[in-house]
Amino acid sequence: MRVSVIMGSISDKEIADKVVKKLKSFDIETEVKVISAHRATKLLEEYVKSAEEESKVFIGIAGKAAHLSGVIAAMTTRPVIGIPVKSSTLGGLEALLSTVEMPSGVPVATVAINGGENAAILAAEILAVSDENLRNKLKQMKLDMEKKIKETEYVYED
């Protein structure tokens, strides 16, 4: 059970690190690559086709034009999760719209701008459909979040 994480640029490393850290917390194997959809399309296609057998989910991380996740989705029938990256141009809005606005028949599940942790959790949830152990880990994560909220106290001081 593996998730392939593809960055459009090495500048997306910080987000990829968050994705990998969260996936590893669920004991999910990862493979991380830097492959630009625009500058290395053939390399991207070769990688996606070779990774499909072991990778059950692909996560694309890209900013600005952010076509990476859509191009991956065009090349595979595996689920693809897109993480739009914040940029200096429009604060990531251009990447969000490029990632979420896909043509019919080529879906990309899209998380928030820089939403690496949620992308990892969504990938885990997809994999958990057929893995009870992983489902239990996700349930425990949600129980831990609830416990943390219950333990949070607020006292208004005037």
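This is a predicted model: local features need pLDDT of at least 70, side-chain atom pairs count only at pLDDT 80 or more; totals for chains, interfaces and linings use all residues.
In helix α5, the buried residues are Gly-116, Ala-119, Ala-120, Ile-121, Ala-123, Ala-124, Leu-127 and Ala-128. Buried here means under 20% relative accessible area, exposed means over 50%, and partly exposed lies in between, with a 1.4 Å probe and protein chains only. Residues are numbered from 1 along each chain as its sequence is written, and side-chain values use heavy atoms, with hydrogens and water left out.

Helix α5 covers residues 116-128, which is 13 residues, and spans 18 Å from its first C-alpha to its last, close to the expected 18 Å. That expected span is 1.5 Å times one less than the number of residues. Helices (H or I, at least four residues) and strands (E, at least two) are DSSP runs, numbered from the N terminus.

What do the buried residues of α5 pack against? Their partners are the strands β1 (2-7), β3 (55-63) and β4 (80-85), together with the helices α1 (13-25) and α6 (132-151). Contact means heavy atoms within 4.5 Å.

The largest nonpolar core has 26 residues, and Val-3, Ile-59 and Ile-61 have the most contacts inside it. At least two residues of this core come from each of β1, α1, β3, β4, α5 and α6. Helix α5 gives the largest share, seven residues. By nonpolar core I mean a set of buried Ala, Val, Leu, Ile, Met, Phe, Trp, Tyr and Cys residues joined through side-chain atoms within 4.5 Å. In soluble globular proteins, nonpolar side chains tend to be buried together.

Leaving aside residues up to four places away in sequence, Ile-61 touches several others, among them Val-5, Ile-15, Val-19, Leu-68 and Ile-83. A second, separate core has 19 residues, including Ala-37, Tyr-47, Ala-73 and Met-75.

Next, the surface. Is Ala-74 buried or exposed? Ala-74, in helix α3 (residues 68-75), is exposed, because its relative accessible area is 57%. Ala-74 and Glu-45 are 29 residues apart in sequence and 9.6 Å apart in space, C-alpha to C-alpha.

Val-100 belongs to helix α4 (residues 93-100). Val-100 is partly exposed, because its relative accessible area is 41%.

Finally, Thr-152 lies in the segment after α6. Thr-152 is exposed, with a relative accessible area of 55%. Between Thr-152 and Lys-13 there are 33 Å in space, C-alpha to C-alpha, and the two are 139 residues apart in sequence.
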